[in-house]
Amino acid sequence: MQHITVIGSGTMGNGIAHTFAQFGFEVALVDIDTAALENAMVIIAANLDRQIKKGVLTEVAKTETLRRITTYTRLAEGVGRADLVVEAATENETVKTKLFNELDGLCTKDTILATNTSSISITKIAAATGRPDKVIGMHFMNPVPVMKLVEVIKGYETSARTTSAITAVAKQLDKIPVEVNDYPGFVANRILMPMINEAIYTLQEGVADAEAIDTVMKLGMSHPMGPLQLADFIGLDVCLSILRVLHEGFGQPKYAPCPLLVNMVAAGKLGKKTGTGFYRY
Ligand code: NAI
């Protein structure tokens, strides 16, 4: 594998492009929004500078990494040579199924199509293509250049060959891949989101204030960040939509989103990105 196409140049896409390029892959970065692509290249350069300051990267490596990334606004131009496509576009089922249907027609028959989705069924995305055996989840964590985990999600028809190719490429990026099956929330969000939801119930019921809840989880459970602060960082709208996927997918009341979370999202208090969530930024 040498040529990687990353689709979507937002928070995750720029980190994924950065990481592949840093480890020697030629990267085509595709976004429908020119400004997003320009912004991504600025962020990648700044993050590479941060790695230089930490002593993990040289100036020469930075130049090489940036040289390996080419940006495109047209999908057809960006995917021609791809051995692997990693899709990190907006979390929306219609956007993703449409993209995968187009990719299936544009890519060579051997190209593996991976998605970085947090919560959409891999099996459903794969069904939009004629190659469900070559469709897989490659779920990176934010910030991508720093976080070691890649959750590798096998859809209903993902082949063992596709899975081992993705596991191998994740290792080439100095990541630790973990294989899981395609059920709502996979593993990471199935466990994380109910914990965040319970923290919000704890706050709603007045058991303790936000800072107290986060302190208990940080000091008591050795979590680097409390669940409410983490929810603010992820975005409360994102947390709500993942909880809805779990609730609908399993049909169990234990996944029902806390009414306080629903209200905060309705009020536009989405966490760090809007300046207010459980904390002020
Ligand atoms: P974002 O909103 O920062 O970026 C999405 C980008 O996709 C935008 O620049 C948008 O212009 C572009 N886009 C939308 N439709 C497109 C299309 N048809 N073709 C090309 N580009 C298109 O989103 P973010 O946060 O980077 O999330 C991307 C994916 O990664 C989502 O599936 C999300 O669930 C997943 N994810 C997000 C994490 C996070 O912490 N933000 C963590 C792990 C996964």
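I looked up K124, which counts as partly exposed at 46% relative accessibility. In these notes, buried means under 20% relative accessible area, exposed means over 50%, and partly exposed lies in between, with a 1.4 Å probe and protein chains only. The model is predicted, with local features needing pLDDT of at least 70 and side-chain atom pairs counting only at pLDDT 80 or more, while totals for chains, interfaces and linings use all residues. Residues are numbered from 1 along each chain as its sequence is written, and side-chain values use heavy atoms, with hydrogens and water left out.

I then asked which residue forms a salt bridge with K124. The partner is E93, and the closest N and O atoms are 3.7 Å apart. E93 lies in helix 5 (residues 93–106) and K124 in helix 6 (residues 122–126), so the pair links parts of the chain 31 residues apart. Helices here are DSSP runs (H or I, at least four residues) and strands are runs of E (at least two), numbered from the N terminus. E93 has a relative accessible area of 37%, so I noted E93 as partly exposed.

**Entry: other salt bridges**

I recorded 14 salt bridges in a search of the whole structure. A salt bridge is a side-chain nitrogen of Lys or Arg within 4 Å of a carboxyl oxygen of Asp or Glu. Side chains of opposite charge can pair when their charged atoms come close.

One of these bridges joins E91 and K96, with 3.7 Å between the closest N and O atoms. Is K96 buried or exposed? K96 counts as buried because its relative accessibility is 1%, whereas E91, at 35%, counts as partly exposed. K96 lies in helix 5. I also looked up the distance from K96 to K171: their C-alpha atoms are separated by 26 Å, and the two residues are 75 apart along the chain.

The side chains of D237 and K273 also meet in a salt bridge, at 2.9 Å from N to O. This pair links distant parts of the chain, D237 in helix 11 (residues 236–250) and K273 in the segment after helix 12, 36 residues apart. D237 counts as partly exposed at 26% relative accessibility, and K273 counts as exposed at 52%.

**Entry: aromatic rings**

How many aromatic pairs does a search of the whole structure find? I noted four. Rings of Phe, Tyr and Trp (its six-membered ring) pair if their centres lie within 6.5 Å; planes under 30 degrees apart count as stacked, over 60 as edge-to-face and the rest as tilted. The rings of F233 and Y281 are edge-to-face, because their planes stand at 90 degrees, with centres 6.2 Å apart. F233 is in helix 10 (residues 227–234) and Y281 in the segment after helix 12 (259–266), so the pair ties together parts 48 residues apart in sequence. Both residues are partly exposed, F233 with 39% relative accessible area and Y281 with 40%. F20, F25 and F140 form one aromatic cluster.

**Entry: cysteines**

I looked for disulfides, a disulfide being a pair of cysteine sulfur atoms within 2.5 Å. The count comes to zero. C239 is in no disulfide, as the nearest cysteine sulfur, that of C258, is 12 Å away. C239 counts as buried at 0% relative accessibility, and C107 counts as buried at 8%.

**Entry: second largest pocket**

The second largest pocket has a volume of about 570 Å³. Of its 27 lining residues, the closest to its centre are N47, P143, V144, P145 and V146. Helix 1 (11–22) and helix 2 (34–53) are the elements that give two or more residues to the lining. Helix 2 gives the most, with seven residues. On a 1 Å grid over the protein atoms alone, a pocket is an open set of points where a 1.4 Å probe fits, with protein on both sides within 12 Å along at least five of seven lines; lining residues have an atom within 4 Å of a point. The volume is the space filled by probe spheres set on the points, which are joined across faces, edges and corners.

**Entry: backbone details**

I noted a cis peptide bond between N142 and P143, with omega about -5 degrees. P143 is found in the loop between strand 6 (135–140) and strand 7 (149–154). D174 is not a glycine, yet D174 has a positive phi of about 65 degrees. D174 sits in the loop between helix 7 (160–172) and strand 8 (176–181) and is partly exposed at 45% relative accessible area. S222, also not a glycine, has a positive phi of about 60 degrees. S222 is in the loop between helix 9 (210–221) and helix 10, and is exposed, with a relative accessible area of 63%.
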